[in-house]
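Work through the exercises below with the structure open beside you. Try each task before reading its solution.

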Amino acid sequence: MTDKLLQISKLDIALPEGSERDLAVEDLNIELSPGETLCIVGESGSGKSLTARALMGLLPAPHVRVKKGTITFCGEDLTQAAEPRMRQIRGSEISMIFQEPMTALNPVMTIGGQIDEVFRYHAEMSQSERRKRAIELLEDVQLPDPKQIMAAYPHELSGGQRQRAMIAMALALEPKILIADEPTTALDVTTQAQILKLISEMQAVHKSGVLFITHDFGVVADIADRVVVMQYGRVVETGTVDKVLNKPKHPYTKALIASVPSLIPRAPRPRSEQIVLSGDKIQKTFGGGKSFFGLGKPNRFVHAVKDVTLDLRSGETLGVVGESGSGKSTLARCIIRLLDSDSGNIMLDNIDIRALNRAEMRPFRTKIQMVFQDPFASLNPRIKVGQIISQGPIIQGESRQNAEARARELLEIVGLDERAFNRYPHEFSGGQRQRIGIARALALDPEILVADEPVSALDVSIQAQILELLDEIRESMNLSMLFITHDLRVAAQVCDRLAVMRYGEIVETGATGEIFKSPQHSYTRDLLAAVPGQKWDRKIAG
Amino acid sequence: MNRSSKIIRYVSRRLIQGIPIILAIVVLNFFLLNLAEGDAVDVLAGEAGSATPEYMEEMRKKFGLDKPLPVQLAVYLKNVIQLDLGYSFRHDMQVTELIIDRFWPTLILMVSTILLAVGFGVLLGLFAAINLNTWKDSMVSVFALITYATPLFWVGLMMIILFSIKNDWFPTSGMENSAMFYEGFERVKDIAHHLVLPTITLSLFYLALYTRMMRASMLEQYGQDYVITARAKGVSERRITFVHVLRNALLPVVTMAGVQVGALIGGSVIVESVFAWPGLGMLAFESLFARDLNLLLGIFLLSSALVVAVNLVVDVIYCFLDPRIEVN
């Protein structure tokens, strides 16, 4: 009992009346020892983040509150602790890092100032001492030029640097427990690997217990000692990482693990030689324009897509993979003519669609359609689902009757009830909306589907369903697909060929299996090496 | 290049860019004003009671009103570039002299109004946000709603009745008691005494606006992630409010205040009329009816220059408040 840092027992967290369920977290029992990493895994809405907030006494009161149970931290029940005591504990004995390092830092305060606050509230130190200690901390988290970073504002740092600064802040007073709430979800895979390494190094030095909240089983496999799996506010399975990941008992855990895409590419499919779309030396730059009256310096210049040449064969899925800012989304938008590229050719049916004007482009719009990343932002909230789907064909000259009949058909194809036709997008979940988005894209009977991160906003089990749906549709409608993703696991399972992008350039193309087996470019090798959970994958594959 | 020299460069560039903007406004105003029927000669003749058409022609010739519009515009522009705003035949004075004379009262009124409206608006909004959903919050909201919905002129008249006639606390009109020939500090005190009612009247509407904006802005910022981070660091609620949230919440209020300075000049016409405040607003109002276009154009020119200048000041303030805004 005494050697446990933290013991949560029979914890119930109540949601406000009228919510989907009464309790956000129900009968939760968790233990954490010093130096241990406990991962809480679950999909969105499982109550994992609220558990962390409850621990910090940071539930959004009065709507959400601890109903019963105890949170014992070093022999003290935190649910009974008064606010001043909680404030003492927060930041010094239990500290926390968050998912989105941009919004989690105050945009108008320097990094130094924000780290300084921790000392100011918890330690008796002179100003120069505090400053010295803050610089040391920034050095510890391996930020370059700590003195300069002290005076920098959050927007001047990259995402990874911001998260390092957050970690420096959280570790400032060597807390006994570090709570990390999806700290790497918003980061690129190579940055994620660095941050995970940093957290485990820091943990080794400070012997703190880490409560790591994530939805990513790859990350769990790499860092966890023990795992707690949550669903709808209840713990469905607890155990050592080996037990939970390799011999899961609960059907939900089994299903979750089964839906994690494997890193081992699926068997290659027979490929057609017929090219349906080809891009030759596509260029796209942003900015660079002159300012008002030509006075002053020209604006910032970004070369988003640099000399990109690629071809898409009939019936295949070409994956474009890369980290954020690599230009993959811009490339997709150029190809579908949502953006005008600066130069190059985009050949569709032997016609360079790059050169077409708006009216000339219209008949070609039916041939190439897009599925967007964010299923919440990409559907107009004021238009009914049926209209969203049938609008495209109506614009193209189809009669309303036919278009609507086709829309109903499509809803069925993407696995939605026909009653969805007369509903608004907000009535659907994320996965269902993505199905609507796919139906909308299919309404014009396209030959080519451009999917821009279609599953990255979805939970892993939903992700698996959507990928399956895309696969089915591709088979039955003989679609060719350009699939943009940052997730190499997804790419391995979906794409026949891959194009790896960095800084607007394609650094490597080839069959998926080949690239995974023997990557040629050093960047591809770095990317592959950074994917979490590789040992686990190999273990499963035997 | 360091920040301050960057800002100096930015300001000088913006000032240069302001010149064509102001000239364009002058041209536009010139044609807009000439759309109205009648000219200064018609008004003068009408007031005199009788004037022969020949005499009117002669007057037009003397004032230069007989020439075609484009020529009149060219002459006017040429004069404006030489900083000569022309002559007001109505007042028998140089326009420049007249305007500058009336500019100071308006400036005093505007500055005190902005300070009062923004200052108290921010404080009240802050107060309401801190005491969210309590009776204090409701009181502020009700106050804001009432002042927001009450017409300016009515407030002015009621203030005069209440504070000048029923209780002889403040003077009813004018800017100073010229019969007393105050000098130095005594004069400042006298003007301040006269300033109270017009300032309160003019600022009430804006005060309500900024109060509501500040409250909403504070509440929005309270919901941001960085507030949770600060709480997770164990920072006190007091410091979260006054250090973290306040500065972020001020940004939209400052933007709004900058945009509204122009509207304030318009609003001051009513207040200056009600309180007989000898400012530009009243002068503009009079010269409009006298068809004194030279004077009117001069006032418009000064107002547009003022708006351009205030926008620049707001932008510079903004880049000190928000480090994400870069001047270049």
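This is a predicted model: local features need pLDDT of at least 70, side-chain atom pairs count only at pLDDT 80 or more; totals for chains, interfaces and linings use all residues.

## Exercise 1: Chain B in outline

Task: Describe the fold of chain B by its elements, its box and its buried share.

Solution. Count the elements: chain B has 12 helices and 2 strands. Then read their order from the N terminus: α-α-α-α-β-β-α-α-α-α-α-α-α-α. The C-alpha atoms fill a box of roughly 85 × 60 × 40 Å along the principal axes. Of the 328 residues of chain B, 31% count as buried. Now turn to the contacts between residues at least 6 apart in sequence: 73% of them join residues at least 24 apart. The average pLDDT of chain B is 85, and 99% of the residues score at least 70.

## Exercise 2: A helix pair in chain B

Task: Work out how α9(B) and α10(B) pack, and which residues meet.

Solution. Find helix α9 (residues 225-232) and helix α10 (residues 237-274) of chain B. They pack at an angle of about 140 degrees, with axes 11 Å apart. The crossing of α9(B) past α10(B) is right-handed. From α9(B) come B:Tyr226, B:Val227, B:Ala230 and B:Arg231. They meet B:Ile240, B:His244 and B:Val245 of α10(B). By class, this contact has 5 nonpolar residues, 1 polar and 1 charged.

## Exercise 3: The largest nonpolar core

Task: Give the number of residues in the largest nonpolar core and name those with the most contacts inside it.

Solution. The core has 214 residues. A:Ala168, A:Ile179, A:Leu211 and A:Leu482 have the most contacts inside it. Helix α5 (residues 95-130) of chain B gives the most to this core, with 13 residues. Now take A:Ala168 and set aside its neighbours within four places in sequence. Its remaining contacts are A:Ile115, A:Leu137, A:Leu138, A:Asp140 and A:Val141. As a general rule, nonpolar side chains tend to be buried together in soluble globular proteins.

## Exercise 4: A helix in chain A

Task: List the buried residues of α13(A), then say what they pack against.

Solution. Helix α13 of chain A covers residues 385-395. Its buried residues are A:Val385, A:Ile388, A:Ile389, A:Ser390, A:Gly392 and A:Pro393. They pack against α14 (400-413) and α15 (430-442) of chain A. After α13(A) comes A:Gly397, with a positive phi near 105 degrees.

## Exercise 5: One proline

Solution. A residue needs 20 or more to be buried, and 12 or fewer to be exposed. Leaving aside neighbours within four places in sequence, B:Pro323 is in contact with A:Val108 and A:Tyr153.

Technical notes
Residues are numbered from 1 along each chain as its sequence is written. Chains are lettered from A and ligands numbered from 1 in the order in which they are written. Helices (H or I, at least four residues) and strands (E, at least two) are DSSP runs, numbered from the N terminus. A residue is buried if 20 or more other C-beta atoms lie within 10 Å of its own, exposed if 12 or fewer, and partly exposed in between; C-beta atoms are placed from the backbone. Two residues are in contact if their C-beta atoms, placed from the backbone, lie within 7 Å. pLDDT is the predictor's confidence in each residue, from 0 to 100. Axes are lines fitted to C-alpha atoms, for helices over the stretch in contact, and angles run from 0 to 180 degrees between N-to-C directions. A crossing is left-handed if the near helix is turned anticlockwise from the far one by less than a right angle, and right-handed if clockwise. Ala, Val, Leu, Ile, Met, Phe, Trp, Tyr, Cys and Pro count as nonpolar, Asp, Glu, Lys and Arg as charged, and the others, Gly among them, as polar. A nonpolar core is a set of buried Ala, Val, Leu, Ile, Met, Phe, Trp, Tyr and Cys residues joined through C-beta atoms within 7 Å.
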